[in-house]
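Grab a pencil and work through the exercises below. Each one has a task, then a solution taken step by step.

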Amino acid sequence: MTSIANETQSAKKERAPITVKAVLTNKWFLYAVSLTFFFGLWDYVAYKKILGSSLARPLEVVNYMGYMINHRLAGNSLWGHAWASTRRILIGFSIASLIAVPLGLMMALNKYVNAIVKPIFDLMKPMPPIAWISISILWFGIGEPSKVFIIIIGTFVPCLLNAYNGVRLVEPELYDVVRVLGGNRRDEIFQVCFPAAFPAIFAGLQISLSVAWTCVLAAELVSARSGLGYVIIKGMNLGRPAMVLGGMVAIALAALMTSQLVGLLEKVLCPWKREIEGL
Amino acid sequence: MEDGNKTMAENGNTHAKISCKNVSKTFIQKGTQQVHVLDGISLDVAENEFVVILGPGQCGKSTLLRIMAGLETASTGSVIINDKEVDGPGQDRGLVFQSYMLFAWKTVMGNVEMGPKLRGVGKEERRKVAQHYIDMVGLQGFENKYPHQLSGGMKQRAGIARAYANQPQVMLLDEPFGQLDAQTRIYMEQETVRIWEQEKRTVIFVTNNIDEALFLGDRIICMEGKLPGRIREVYDVNLPRPRKFTDLDFLKLRHEITEASELTL
């Protein structure tokens, strides 16, 4: 048996000596400089009240977040509000993706399904999801269903589009491979079409998730007694910048967490992609 | 320089494994525009013969191979393989693609065992078959790697193993080493001869590389350099194996083929 060692590539990194230049051009050092500058500038502007008194200092924001964790606002701590928003997103996002992804796959695979669904979809697509808020409140009231409804509307489009395009962009020769190996149409779909579309589907889910956060905040700003959108609108009404900024930070953290959750799911379901990204 | 039938008679084999009879192919583009890709291709290939189809890009050679594979249908004429007319892809033929076409979501093992899996072979047995061909192409130790973790040459080894694992009688290779660098390419050509001598199959190998053709083929089918694709000339390569790119006889035949075609191959 011949060796194929000459075909494998090995990448060895040599450890460079520590010099002033190496430190100044170090990625982590520059990250630290960047963040220090940002927070420093923020703190300076807030301290000097350059933008008036409506900018809280960074430490005030952190302190207020701690205060909100320990003190209830409208019956909920900060955790409670964060969970209220996250729960709406998880429900709406799950319902939308469970319908939109299979529908997108079917549209890409079957021209009749496509011909029936596409006109309606194209009609709905340009409508910003937030435009649905008023009508959904009229339909479902100001409770949970109207917020979940907005999220479903908003996440449906990117979920469907990405599943559809994921199938459409599969390299056609891959189907030839299956056919030559003796596979039938069913094998083409399950062995090539779906797995090849997986990364695109997950890209769609990630986009959907950020749309979902926009939707839930908009809905909560309009009418809610809980959720992070409620926290920031309450902060505005009470004239407390630290409360608004604290709510915003909480939103960013919660959105990051849901995005990580979907990323984790992708890593479990697409192990070959994990290898590509070297994680 | 004889025609195909006489060559087979010399080989003492009167029964063709593959027989193309007056195969022509016309594609219709944009509704009405006709493109004649192949015109009157007749070709007989004996069992276990290594035939190279040589021609520049866009000369219809890949289309001919796809017709043999059953992925395209001939506009006129027919292809007969094992006394049966080709009317679709089948397990008796294996195809290796220029751009590898491995399943990115499957490991080397998953790719190689795909053929037996689609035919419903049990897991244990298909693993055994796949392992045999993974060993044959020298990919042992890489069974659980994903395609993107392999170099170009290793990807094509996996592609070859995948085609072999379906145990076809005819191997069709479509410019399989076209994307490799020169060194890896020569190395893979040597490997191809080794594998072919180890597991004899009837091979149709499409290439645009004259050295590759001379190194590999029992017979070289030289195509016209423009559409519609026609057979210009057939060369017998009676050089002993292993062949060397610098042997005098090798270079003589190379000179002859180059002179006969207006193309710089």
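Among contacts in chain B between residues at least 6 apart in sequence, what percentage join residues at least 24 apart? The figure is 70%, where two residues are in contact if their C-beta atoms, placed from the backbone, lie within 7 Å.

Some housekeeping: this is a predicted model, where local features need pLDDT of at least 70, side-chain atom pairs count only at pLDDT 80 or more, and totals for chains, interfaces and linings use all residues. Residues are numbered from 1 along each chain as its sequence is written, with chains lettered from A and ligands numbered from 1 in the order in which they are written.

**Exercise 1.** Size up chain B as a whole.

- Step 1: count the elements. Chain B has nine helices and 10 strands, with helices (H or I, at least four residues) and strands (E, at least two) being DSSP runs numbered from the N terminus.
- Step 2: check the packing. The radius of gyration of chain B, taken over C-alpha atoms, is 18 Å, close to the 18 Å from the globule rule for 265 residues, so chain B is as compact as a globular protein of that length. That rule is 2.2 Å times the number of residues to the power 0.38.
- Step 3: look inside. Of the 265 residues in chain B, 48% are buried, that is, 20 or more other C-beta atoms lie within 10 Å of their own, with C-beta atoms placed from the backbone.

**Exercise 2.** Describe how chain B meets chain A.

- Step 1: count. 24 residues of chain B are in contact with 21 residues of chain A.
- Step 2: find the contributors. β6, α4, α6 and α7 of chain B each supply at least two residues of that side of chain B, and α4(B) gives the most, with three.

Notes: A residue is buried if 20 or more other C-beta atoms lie within 10 Å of its own, exposed if 12 or fewer, and partly exposed in between; C-beta atoms are placed from the backbone.
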